Amino acid sequence: MSSIHDLVSKEIDKLPPLPNTVMKVVELCKDPNLKPRDLNKVISFDPVLTGKALKLINSAYYALTEKVSSIVRAIIMLGFNTVKNLALTTAVLGQVEKMGSIGALDMEGFWRHCLGVGVLAKKIAAATGEDPKNIEEYFIAGLLHDIGKIVLNKAISEDYLQVIKKSDMEEKPLIECEKELLTIDHIDVARNICSKWNLSDDLEQAILFHHNPLECNDKSRKVVYCVNVANIWCNQNSIGFSGNMGPKEIDKKILNFLGISEADIYNWENEIEKRIRDASVFLKIS
Amino acid sequence: MKLRFWGVRGSIPTPGDTTVKYGGNTTCLEIRGDNDELLIIDAGTGIKPLGDFIMKYDAPHNPLDIEILLSHTHWDHIQGFPFFAPAYLASSKITVYGPVNFSEKLEDILIGDFNMKYFPIRLQELRAKIEFKELQESTFKIGKFNISSTYLNHPILDLGYRIEYNGKIIVTMFDTEPYRNTFADDLDVDDMDEFDRQVFEEAQDEVNKRIAKQKEHAQDADILIYDSQYKEDEYNTKLGWGHSYIEYAVRSASEANVKKLALFHHDPMRNDRSVDEFQNSAIKFAKSIGFESEIFCARERLEVVI
């Protein structure tokens, strides 16, 4: 019998993007006047598509000396057509793999959570004076932080449903329930994904340490902290649904490091919701 | 090192009595080391007469071992390959290098040239031993040539080459156009929302990095062969086509402290007289910015000793 580790490992390469993103990519790419701005928008609304596109961009096919951490940079560096073809290929291949997959997590709610964390992480970074040219990476870090859950949800959906139920019934952090019931958690899975996807150090740190931010590398501290705060806040305030029914409190030390308060975040709530609404309209999600 | 131009035209071969001075063949360069080692850049129609020359000059003495670096695989840079005579000699060994996109193979792209509907011989029927190597941004050696390749700005992946040999440097930069921030298209840069502003800033940062990398690629070259298909006013109506203009070529050469600038990839609409005018305009522009190195429009069969 295959172990959970084997099942999960096999699933990583077959992760499907969202059906709406796929349709939107295909629709946009038919337009000869498509603008880089719109292509970037549609890719960056989807964690799987973003991750897989970055994986290809950073692969041996292009042998870039520096890892690329955003689609915007890839479009300038490799050209619009290259990235367009790559997005189309990634989207359409993913769509084929998607057939018949039913997961425990509601993907639309989960997508809203990822997008919310991305938008908020970016907002926090901007508020703390981060250079605008680096800010997109905060969004992508937020978008991808829970990528491990997508694999668990798809590879072992029945078991994962029990994990989510346990988190709900016991109001316990999901990650602890994962460890108890599955022996692995979404960070273990994400570690595997990061090594396969060749993501930048900052993205990898944000994904691997968003639950244990104090243990991250000094160099990536800010992006990890922004994603940690954004994640807890979105869970506490039901921005989308990540399966985590027992989120921890935001660590005051981290807020002090960033120089923001929870009140600041509440002031941005409307903007975060507007961004998610705009994305839904763009992707034609209900 | 010696450099000889065998094809200097862009887009489509342009034979005729109005292009006899600069020539009508599409891109092909011959580079020779001090011991006659051969390196070819691009396989446009210029590779046909170069192949004939190699058959007379090199083939009678030794089996041929030829390396061809492709800037990219657009038609005008590969269409001469089926007519390259050394490829029909069983004793020849030919290695073709070039950039390809995700999931493509260089050999598969070149096979298109040999589709029976376009040409009666199949690639597999060529008698030479031919090897294809996909190339990215990298640094490598071919014999005594030290080569580095850099992505340029063209609608498909395209490489510029920096070739160093015994302290001399030849740099190619075609087909390419100036990097620009495409995330500003259709937007008022002074009136963007926060989201667009951040994306714009990030894209601008990447544009600046790429421009710096291009300068580094050409730095202190003994000769820079640069895409100069247009004049600036023409270029402004051809954004995104992947070609540059003379003023930008001159400015790039000046900033990289280049010793000689060859304007290259002439537009097929240009006759000899207008290429002459191009050269004069470029020289005049260079003077206006204080750039004093030699500038000329590349022409077929011209040999430059580096």
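Me: How many Å separate the centres of domain 1 and domain 2 of chain A?
Reply: In this predicted model, the centres of domain 1 of chain A and domain 2 of chain A, taken over C-alpha atoms, are separated by 21 Å.

Me: And which residues belong to each domain of chain A?
Reply: The domain assignment of chain A places residues 10-98 in domain 1 and residues 107-283 in domain 2.

Me: OK, how many residues are in contact between those two?
Reply: On the side of domain 1 of chain A there are 33 residues in contact, and they meet 29 residues of domain 2 of chain A. Between them the two domains bury about 2700 Å², and 71% of that area lies on carbon and sulfur atoms.

Me: Which three residues of domain 1 supply more of that area than any other three?
Reply: Those are I12(A), F45(A) and P47(A), which supply 25% of the area that domain 1 of chain A buries against domain 2 of chain A.

Me: What about salt bridges and polar contacts there, how many of each?
Reply: The count of salt bridges between domain 1 of chain A and domain 2 of chain A is zero, whereas six residue pairs, both at pLDDT 80 or more, are found in polar contact across that interface.

Me: Which element gives the largest share of the domain 1 side?
Reply: That is α4(A), with seven residues on the side of domain 1 of chain A that touches domain 2 of chain A. By residue type, that side divides into 12 nonpolar, nine polar and 12 charged residues.

Me: Switching to the two chains, how much area is buried between chain A and chain B?
Reply: Chain A and chain B bury about 3200 Å² between them, with carbon and sulfur atoms giving 57% of it. In chain A, the residues that lose the most area to chain B are R37(A), Y61(A) and I76(A), and together they make up 23% of what that side buries.

Me: How many salt bridges are there between the chains?
Reply: The count between chain A and chain B is six salt bridges. One of them pairs D193(B) with R275(A), where the closest N and O atoms are 4.0 Å apart. There are also 13 residue pairs in polar contact between chain A and chain B, both residues being at pLDDT 80 or more.

Me: Then which element gives the most to the side of chain A that touches chain B?
Reply: Here α5(A) gives the most, with six residues, and the residues of that side of chain A divide into 15 nonpolar, seven polar and 10 charged.

Notes: Residues are numbered from 1 along each chain as its sequence is written. Chains are lettered from A and ligands numbered from 1 in the order in which they are written. This is a predicted model: local features need pLDDT of at least 70, side-chain atom pairs count only at pLDDT 80 or more; totals for chains, interfaces and linings use all residues. Side-chain values use heavy atoms; hydrogens and water are left out. Domain bounds come from an automatic or database domain assignment. Contact means heavy atoms within 4.5 Å. Buried area is the accessible area (1.4 Å probe) that two parts lose on being put together, summed over both. A salt bridge is a side-chain nitrogen of Lys or Arg within 4 Å of a carboxyl oxygen of Asp or Glu. A polar contact is a pair of N or O atoms within 3.5 Å; within protein, one must be able to donate a hydrogen and the other to accept it, and residues adjacent in sequence count only if both atoms are side-chain atoms. Helices (H or I, at least four residues) and strands (E, at least two) are DSSP runs, numbered from the N terminus. Ala, Val, Leu, Ile, Met, Phe, Trp, Tyr, Cys and Pro count as nonpolar, Asp, Glu, Lys and Arg as charged, and the others, Gly among them, as polar.
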